Amino acid sequence: MSVIADKPALELHRATLANGLRVLVVPDPATPVVGVSVHVDVGFRSEPEGRTGFAHLFEHLMFQGSESLEKLEHFRQVQSAGGVFNGSTHQDYTDYFQVLPGAALERALFLESDRLRAPTLSVENLRNQVDVVKEEIRLNVHNRPYGGFPWILLPPVLYDTFPNAHNGYGDFSELEQASLDDAAAFFDTFYAPGNALVTVHGDLSEHGVDGTLALVERHFGDIPARPVPARPSFAEPAPGAERRQTVADTHAPLPALALGYRVPDPAAEPDAYLAHAMLATVLADGEAARLQRRLVHSDGLVTDVSASNGLMGGPFDARDPDTFTITAVHPAEVPADRVTAAVDEELDRLAEQGPGAEELERQTARWVAALHREDDRVMFRMLGLGARELLYGRAELAVELPGRLAALTGADVAAAAARLRSSGRAVLLVEPAAGPTGDGDA
């Protein structure tokens with residue numbers, strides 16, 4: 001086992017076990033708790049055609065017991081130690097994590113290694129979790145206003161390929177057809193140790209870095225190595241013109257719209273990518289932001305507006321391609337084209353003049369302060385480090401974010417606005433519709 005240590009603001013110690021499992025150990029003597037996460041290199045975009053929603057479904061299955069623990073025992077073990085736990089599925093990865101008192105580090109490593117080695121895959125668990133996921137989709141998408149807006153509804157307008165365009169939450173009929181063989185094949189393919197990363201972050205005072213690495217080796221080292229799947233490129237050409245689609249929503253009280261744009265590759269052009277993130281902040285973060293002032297307070301065109309660089313998460317949470325979104329809810333008497341025209345005018349103004357120095361300083365301070373508040377929690381800091389290490393091989397990106405954002409100039413933001421205006425985009429329109437809602441099984 002070879003170890004390479006880097007020393008940015010945090011100590012980052014890396015190792016790779018003989019079975020291919022990557023390990024990131026980040027001590028923090030200032031905290032009394034320790035976090036353990038497992039990031040697996042599989043997300044919505046990796047799931048096979050005909051099995052939409054399978055990555056998310058499998059996340060649920062990983063909480064249904066393991067080789068040494070019956071169902072719910074994992075929960076009891078964490079909660080009895082005063083800890084918290086969860087998991088989540090993203091475009092390009094799935095994570096599992098827990099945070100416990102520092103003295104419970106080995107318990108956390110055992111729990112995570114046991115289910116990575118052999119989760120309990122059974123017909124009963126599969127059918128039960130399909131029903132749980134279907135109920136989650138009913139609750140969060142089918143039976144609520146603006147369900148799936150925009151992260152489910154916008155991609156098929158902006159993208160053409162299955163990995164980028166399909167519904168990652170899942171189609172009911174495809175979820176119902178999933179078999180135990182499908183689940184076993186998915187686990188064997190994507191949950192190989194060489195396709196995963198373990199991050200340990202926090203109080204390591206009892207074991208130290210070397211002792212922690214030895215504990216990781218003890219609990220994860222005997223998981224048999226398996227072939228690691230080749231990760232395909234999800235690249236596809238950006239649209240050359242505007243694309244439009246209208247969907248009906250029987251629960252929506254007001255019309256809504258979403259604009260979607262392609263953003264620079266975060267791996268190849270990290271600073272240009274971050275300039276788009278700053279552009280989103282300048283446009284919509286806070287009452288003084290441009291679209292808030294213009295669309296909400298001045299012109300009264302919308303009741304709500306937001307902007308985001310990234311379809312689902314924060315900066316550097318997905319590989320290329322990713323999406324810049326602007327969403328708005330507007331009164332029925334306001335035409336959608338009037339809203340989009342006002343957005344275009346603000347983008348044109350930013351492309352020509354850039355944000356003012358005081359404006360950029362204010363928005364930078366808001367965002368950097370938010371990043372520091374988030375990083376006060378071991379869980380968020382650990383998950384940010386693990387995700388950037390898995391996706392880009394550089395956990396340091398999480399540490400560098402405040403400085404990189406503060407270094408952006410008005411010219412950088414102007415260039416990002418100009419790039420949006422010069423490229424094709426997707427326009428998704430949500431129209432309120434009367435009619436029976438059903439239970440969402442269609």
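Tutor: Let's start with a term: buried means under 20% relative accessible area, exposed over 50%, and partly exposed in between, with a 1.4 Å probe and protein chains only. The model is predicted, so local features need pLDDT of at least 70 and side-chain atom pairs count only at pLDDT 80 or more, while totals for chains, interfaces and linings use all residues. Residues are numbered from 1 along each chain as its sequence is written, and side-chain values use heavy atoms, with hydrogens and water left out.

Student: Thanks! Is Tyr 146 buried or exposed?

Tutor: Tyr 146 lies in the loop between α4 and α5; helices (H or I, at least four residues) and strands (E, at least two) are DSSP runs, numbered from the N terminus. Its phi is near 60 degrees, a positive value in a residue other than glycine. The relative accessibility of Tyr 146 is 18%, so this residue counts as buried.

Student: Which peptide bond is cis in the loop that holds Pro 150?

Tutor: Pro 150 sits between α4 (123-142) and α5 (155-158).

Student: How is α13 oriented relative to α15?

Tutor: The axes of α13 (residues 357-375) and α15 (residues 396-407) come within 10 Å and cross at roughly 180 degrees. Axes are lines fitted to C-alpha atoms, for helices over the stretch in contact, and angles run from 0 to 180 degrees between N-to-C directions. Angles under 35 degrees count as roughly parallel, over 145 as roughly antiparallel, 65 to 115 as roughly perpendicular and the rest as oblique. Therefore α13 and α15 are roughly antiparallel.

Student: Which residues of α15 make that contact?

Tutor: Contact means heavy atoms within 4.5 Å. From α13 come Thr 364, Trp 367, Val 368, Leu 371 and His 372, and they meet, on α15, Leu 401, Pro 402, Leu 405 and Ala 406.

Student: Last one: which residues are exposed on the other side of α9?

Tutor: The buried residues of α9 are Val 209, Thr 212, Leu 213, Leu 215, Val 216, His 219 and Phe 220. They cover an arc of only 155 degrees around the axis (taken from the directions from the helix axis to the C-beta atoms), so they are on the same side of α9. Exposed on the other side are Asp 210 and Arg 218.
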